[in-house]
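Me: I've just opened this one and it's new to me. Can you walk me through it?
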Amino acid sequence: MARIIIHTAKRPYRYTTQKGEDVWICMCGLSDTYPICSGKHKICAAEKEEILAYDQDANKIEINLPAEILQKIRRV
Ligand code: FES
């Protein structure tokens, strides 16, 4: 089953392990090393409040879903 997951974060979440090491968790969904941040969030840093889609190589692609469907999509 296919799923559409919308990420609205534009930067990673810093998690500090019990050993005191910082691990950067990808919150944008574009990381090459998901769930660890790879720095690709810089691609979406300038996004405005519109819904954009990316392919697996982080290239923007057009999505043409009806507005009533877009409003029902859960945002993460
Ligand atoms: S937060 Fe996704 S690549 Fe950095």
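Me: Start with the strands. In what sense do E1 and E2 pair, and over how many bridges?
Reply: Strand E1, residues 13–16, pairs with E2 in the antiparallel sense. The pairing runs over four bridges. Keep in mind that this is a predicted model.

Me: Which residue stands opposite Tyr 15?
Reply: Val 23 in E2 stands opposite Tyr 15.

Me: And what about Thr 16? Which residue is opposite?
Reply: Thr 16 stands opposite Asp 22, also in E2.

Me: How many residues sit between the strands in that hairpin?
Reply: The hairpin of E1 and E2 has five residues between the strands. Gly 20 in this hairpin takes a positive phi near 85 degrees.

Me: What box do the C-alpha atoms fill?
Reply: Roughly 50 × 25 × 20 Å, taken along the principal axes.

Me: How much of the protein is buried?
Reply: Buried residues make up 7% of the 76 residues.

Me: What about contacts? How many join residues at least 24 apart?
Reply: The figure is 27%, counted among contacts between residues at least 6 apart in sequence.

Me: Next, the loop between E2 and E3. Where is Gly 39?
Reply: Gly 39 is in that loop, between strand E2 (22–25) and strand E3 (53–54).

Me: Why does Gly 39 count as partly exposed?
Reply: Gly 39 has 13 other C-beta atoms within 10 Å, so it is partly exposed. Exposed would need 12 or fewer.

Me: How far is Gly 39 from Gln 71?
Reply: Their C-alpha atoms are separated by 29 Å. Along the chain, Gly 39 and Gln 71 are 32 residues apart.

Me: And Thr 33? Is that one buried or exposed?
Reply: Thr 33 is exposed, because 10 other C-beta atoms lie within 10 Å. Thr 33 is also in the loop between E2 and E3.

Me: How far is Thr 33 from Ala 2?
Reply: The C-alpha atoms of Thr 33 and Ala 2 are separated by 21 Å. The two residues are 31 apart along the chain.

Me: What is the peptide bond from Tyr 34 to Pro 35, cis or trans?
Reply: The bond from Tyr 34 to Pro 35 is cis, with omega near 15 degrees. Pro 35 is found in the loop between E2 and E3.

Me: New topic: Ala 58. What is phi there?
Reply: Phi of Ala 58 is near 70 degrees. That is a positive value in a residue other than glycine.

Me: Where does Ala 58 sit, and why is it partly exposed?
Reply: Ala 58 is in the loop between E3 and strand E4 (60–61). Ala 58 counts as partly exposed because it has 16 C-beta neighbours inside 10 Å.

Note on methods:
Residues are numbered from 1 along each chain as its sequence is written. This is a predicted model: local features need pLDDT of at least 70, side-chain atom pairs count only at pLDDT 80 or more; totals for chains, interfaces and linings use all residues. Helices (H or I, at least four residues) and strands (E, at least two) are DSSP runs, numbered from the N terminus. A residue is buried if 20 or more other C-beta atoms lie within 10 Å of its own, exposed if 12 or fewer, and partly exposed in between; C-beta atoms are placed from the backbone. Two residues are in contact if their C-beta atoms, placed from the backbone, lie within 7 Å. Two strands pair if DSSP finds at least two bridges between them.
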